Amino acid sequence: MQYISSNKVKEIYFTGMFTSNQGDLSVQYYDPESKRLRKYYPDFLALMEDGSYQLIEVKGDNKIDDEVVLAKKAAAEEMAVASGIHYLMYAGSTLMKSNVLEPTLVVQQASIEI
């Protein structure tokens, strides 16, 4: 669990599966099911008002702990650390029920802060 900062989104870019192979933002990961290196396209890239970036992924509640999702998350976290950005993963129900930009809200997420 992590507190969300009150830092507001300045711009947001959709980078997910509908843009696959159309842009440069992909994360290479090892797929534990196929035993191959694959590309993963996180859902959003957000530029925050303070100039920082957040790489955001939304997953169905039933997929949050899936082996492949966890492999993608680990690879995205590594890339985020190397790139100086924050990686966040939200369960879909969290976004449907909550305003994740509220400064006092606690949500389940993956977060790397540098």
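Modeller: Let us begin with A46, whose bridge partner in β6 is Q54. The model is a predicted one, in which local features need pLDDT of at least 70 and side-chain atom pairs count only at pLDDT 80 or more, whereas totals for chains, interfaces and linings use all residues. Residues are numbered from 1 along each chain as its sequence is written, and side-chain values use heavy atoms, with hydrogens and water left out.

Strands are said to pair if DSSP finds at least two bridges between them; the elements themselves are DSSP runs numbered from the N terminus, helices being H or I of at least four residues and strands E of at least two. Four residues lie between the strands in the hairpin of β5 and β6, where G51 takes a positive phi near 90 degrees.

Strand β6, residues 53-59, is mostly covered, for five of its seven residues are buried. Here buried means under 20% relative accessible area, exposed means over 50%, and partly exposed lies in between (1.4 Å probe, protein chains only).

β6 also runs parallel to β7, to which it is joined by six bridges. In this pairing, E57 has M89 of β7 as its bridge partner. Between these two strands the chain passes through α1, and the resulting β-α-β crossover is right-handed: with the strands pointing away from the viewer, the path from the first strand over the helix to the second runs clockwise.

In soluble globular proteins, nonpolar side chains tend to be buried together.

The structure also holds two aromatic pairs. Rings of Phe, Tyr and Trp (its six-membered ring) pair if their centres lie within 6.5 Å; planes under 30 degrees apart count as stacked, over 60 as edge-to-face and the rest as tilted. F14 and F44 form an edge-to-face pair, with 5.5 Å from centre to centre and 70 degrees between the planes. This pair links distant parts of the chain, as F14 lies in strand β2 (residues 9-14) and F44, 30 residues apart from it, in strand β5 (residues 44-48). F14 is partly exposed because its relative accessibility is 41%, and F44 is likewise partly exposed at 26%. The other pair, Y29 and Y40, is edge-to-face at 6.3 Å centre to centre and 85 degrees between the planes. Y29 in strand β3 (residues 27-31) and Y40 in strand β4 (residues 36-40) are eleven residues apart, and the pair again links distant parts of the chain. Y29 counts as buried because its relative accessibility is 5%, and Y40 is buried with a relative accessible area of 3%.
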